[in-house]
Amino acid sequence: SFIGTILCLGLASPAYAPSASALGLSAKQYASKMLNNKNHFQCLNRLYSKESAWNVKAKNGPHYGIPQGRSIYLKNANKYQQIDWGIRYIKARYGNPCKALNHFRIYNWH
């Protein structure tokens with residue numbers, strides 16, 4: 001099941017230690033570094049700008065954080081944890097941020 005996939009990927013896991021090179025980066029800079037693909041980052045930027053305006057404290061019903069994920073974990077996660085969670089979710093569900101953005105454009109959610 002999809003939920004099983006999420007749990008296997010560690011999307012619910014709070015364990016995180018940012019690398020020394022990540023410390024001090026903005027959420028956007030960190031996401032760009034983690035994706036290491038300009039086109040995918042541009043899609044993620046459009047998606048997260050629409051979803052949360054890159055606000056780590058964004059909330060819409062049961063959806064939290066920058067990726068607006070339906071996980072209580074995101075409620076108190078830092079920006080790096082939220083970006084990691086969001087990228088893992090997008091890769092597991094859509095394959096890449098551009099496919100997630102296309103889905104968002106059609107259905108207004110991802």
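Begin by selecting Ser-52, which in this predicted model lies in the loop between α3 (38–51) and β1 (59–60). With a relative accessibility of 8%, Ser-52 counts as buried, because that value falls under the 20% cut-off. To see what surrounds the residue, show Ala-58, Gly-65, Ile-66 and Gln-68, with which Ser-52 is in contact once its neighbours within four places in sequence are left aside.

Next, colour the whole protein chain by secondary structure, which comes to 6 helices and 2 strands. If you then consider contacts between residues at least 6 apart in sequence, 47% of them join residues at least 24 apart.

Now follow the chain to α6 (97–107) and select Trp-109, whose place is in the segment after that helix. Is Trp-109 buried, partly exposed or exposed? Its relative accessible area is 40%, so Trp-109 is partly exposed, a class that lies between the cut-offs of 20% and 50%.

As for the interior, buried residues make up 42% of the 110 residues in the chain, and Ser-52, where the tour began, counts among the buried ones.

Note on methods. Residues numbered from 1 in each chain as written. Predicted model: local features only at pLDDT ≥ 70, side-chain atom pairs only at ≥ 80, totals over all residues. Heavy atoms only, no water. Helix = DSSP H or I, 4+ residues; strand = E, 2+ residues; numbered from the N terminus. Buried < 20%, exposed > 50% of the residue type's maximum accessible area, 1.4 Å probe, protein only. Contact = heavy atoms within 4.5 Å.
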